[in-house]
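Reader: Could you take me through this one, starting with the core and then moving out to the surface?

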Amino acid sequence: MAAFLIENMAPLMFAALVLFLLMGFPVAFALAANGLLFGLIGIELGLLTPALFQALPERVFGIMRNDTLLAIPFFTFMGLILERSGMAEDLLDTVGQLFGPLRGGLAYAVIFVGALLAATTGVVAASVISMGLISLPIMLRYGYDRRLASGVIAASGTLAQIIPPSLVLIILADQLGRSVGDMYAGALVPGLVLTGLYAGYILVTSIVRPEFAPALPPEARSLRGFQLLLRVLTSLVPPLVLIFLVLGTIFLGIATPTEGGAMGAAGAMILAIMKRQLSWSLMRQAMDTTAKLSSFVIFILIGSTVFGLVFRAVNGDLWVEHLLTSLPGGELGFLIVVNIMVFLLAFFLDFFELAFIIVPLLAPVAEKLGIDLIWFGVLLGVNMQTSFMHPPFGFALFFLRSVAPREDYKDKITGKIIKKITTGQIYWGAVPFVCIQLIMVALVIMFPEMVFSGLDRGEPIDLDNVKIEIPAFDAGEPPPPFGAPEQPAEDPNADLMRQLQGK
C-alpha cells in the first residue's frame, strides 16, 4: 500500500482536489487543505522532509510583496465607481440614439458600450448588470427577440475579460511570469476582433430574421442633428480620456499597470465628482466590494501556493508534463487538448479557479514545447471567457437573471404588457455567442500574429552568428589583469598622521 501511494502520489493528490471541489468546499481552503494533507502523508511515508513546509512562510510573504497584484484592487475600485457614477446610462442612451435608425441598432449599441465599459472597468458584473438594467427593458419594449437580447447583453459584458484592463489578464500574467503590459498589448487586437464578430452576428441576424432586431421607431429617437452630435461628444469624451489615462500610459511605457490602475481609480473619482455622484455611501460600497474581491483572490493564491509547493515536491509537475508532452500531434495536439479541457472545466470552475489551479500546471509544458507564453495566456483568456457564458453555471447568465424580469409587467411608455424572460431563454441566447468565442479561440491559434502585432519583440538575435572575440597578446607580453583594479599602496606615514590628528 505504501509503495502504491508513493508511486501515485501526484495523480491521487489531483483526484483528491477534484473530489474536494465537487463536494462544495471553498476553493482556497480546498487547495490549502489538500496540499497540507498530502504533505503530511508524504512526510509520514518518507517521500518528503519536514523542511518542505519551512518554505511556506516565504512563499506567502512573496505573494504579499507582489506589486503586480496591486492592480487588482485599483481596477476593481475604478470599475465600481464608474458603474455607480452613471457613465453606463449616458453611454447606452447616447449610442442607442446614434444607432437607433438601423435594424439591430440597440444590439450594436450594447456591443459598442460593452467594449467601452470593458476598456474602463474590467469587471464583468458591473457591465452585465448595468446593461441589463438599462438596455434590456428598451429592447423588450421595441420587440427584440428575448434570446437575442439576453445573449448580446451577457456576451458584451464578458468582453471585460479579454479587453484590457482585464483582471483575468493580470492574474494570467502573474501566473505565467510575464509582464502585465505585454499581456494587455497582446490581448487588445483579439478583443477588438471578438467585438467585431459579435457585431457581425447581429448583422446577419438582422438580415435573416429582421423581426428579431427591429430599428427604433421615429418617436423613440428623441435626439437628432446637432443635439445628437453634442450628446455623443459629451458622453464619449470622458470615458475615452480615461481609457487613454489607463491603457495609453501603459502601452506607451509611461506607467506600469499598477500605476495605470491607480490613475484610473483617481480618474474615476474625478468623473464621479464632475457628475456630482461621488458620496461617502458610494465610496464605502466600492471600497467594501473591492476589499472582498481582493481578499478572495489573495486567499485563492495562498491556497494554490500551498498546493503547488507539495504537488511539485511529489513530482506532480513532471507527471503533468509527461501526460501532455506524450500527446500525439506535438504542439498542435497539446493546444487542442488543453483548450478542450479548459472549456469543459469552465462548466464547473470560474476563471479565478482555472487561473490558479490549471495554468501553473500548463505553463511549464507550453514553454518546453516552445510556445510563447504571452500568446498562450491570451489564448487561455479567450477560452476562459466562455466560463462566464455557457450554461448552466455561467456567472454572466446569473448576473443577467438577477435583473431580467421574472414576471409579466406593463411598460410605462407604451402601456403594453411585456412578457417575462425565462431562464431557458437566457441560456439559449448565450449559445450562439459561446460558439463565436470558440471560433475566436480557433482564430487565435490559426493567426498568432493577432497577438504578436501588439508586442514590441525587438530585433531578433541569431545565436548562430554571435561571436566572442578575445584579444591576442604577444608571446612575451603578460595579459592585462582581470577583476577589480588594484588599489595603489598607501603611504604608511599617512596612516600615522591621521591617528595623530584624531581622524
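**Core, salt bridges and surface**

Author: The largest nonpolar core has 155 residues, and Met139, Val152, Phe334, Phe376 and Met384 are those with the most contacts inside it. A nonpolar core here is a set of buried Ala, Val, Leu, Ile, Met, Phe, Trp, Tyr and Cys residues joined through side-chain atoms within 4.5 Å, where buried means under 20% relative accessible area, exposed over 50%, and partly exposed in between (1.4 Å probe, protein chains only). This is a predicted model, in which local features need pLDDT of at least 70 and side-chain atom pairs count only at pLDDT 80 or more, while totals for chains, interfaces and linings use all residues. Residues are numbered from 1 along each chain as its sequence is written, and side-chain values use heavy atoms, with hydrogens and water left out.

Reader: Which residues is Met384 in contact with, leaving aside its neighbours within four places in sequence?

Author: Met384 is in contact with Val168, Leu172, Val342, Phe351, Leu354, Ala355 and Val359 once those neighbours are set aside, contact meaning heavy atoms within 4.5 Å.

Reader: Switching topic, how many salt bridges does a search of the whole structure find?

Author: The search finds six, counting a side-chain nitrogen of Lys or Arg within 4 Å of a carboxyl oxygen of Asp or Glu. Among them, Arg178 and Glu367 meet through their side chains at 3.3 Å, N to O. That pair links distant parts of the chain, 189 residues apart, with Arg178 in the loop between helix H10 (167–176) and helix H11 (180–208) and Glu367 in helix H17 (residues 351–368). Helices (H or I, at least four residues) and strands (E, at least two) are DSSP runs, numbered from the N terminus.

Reader: What about Arg65, which residue does it form a salt bridge with?

Author: Arg65 pairs with Glu58, the closest N and O atoms being 2.7 Å apart, and Glu58 is partly exposed at 49% relative accessible area.

Reader: Which residues form a nonpolar patch on the surface?

Author: Phe226, Leu229, Leu230, Leu233, Val237 and Val241 form one, with about 590 Å² of accessible area together. Patches are made of residues with over 30% relative accessible area and no salt bridge, like charges being joined within 9 Å and nonpolar side chains (Val, Leu, Ile, Met, Phe, Trp, Tyr) within 5 Å; accessible areas come from the Shrake-Rupley method with a 1.4 Å probe, and for residues only the protein chains shown count as cover. Leu230 is found in helix H12 (residues 225–251) and counts as partly exposed at 43% relative accessibility.
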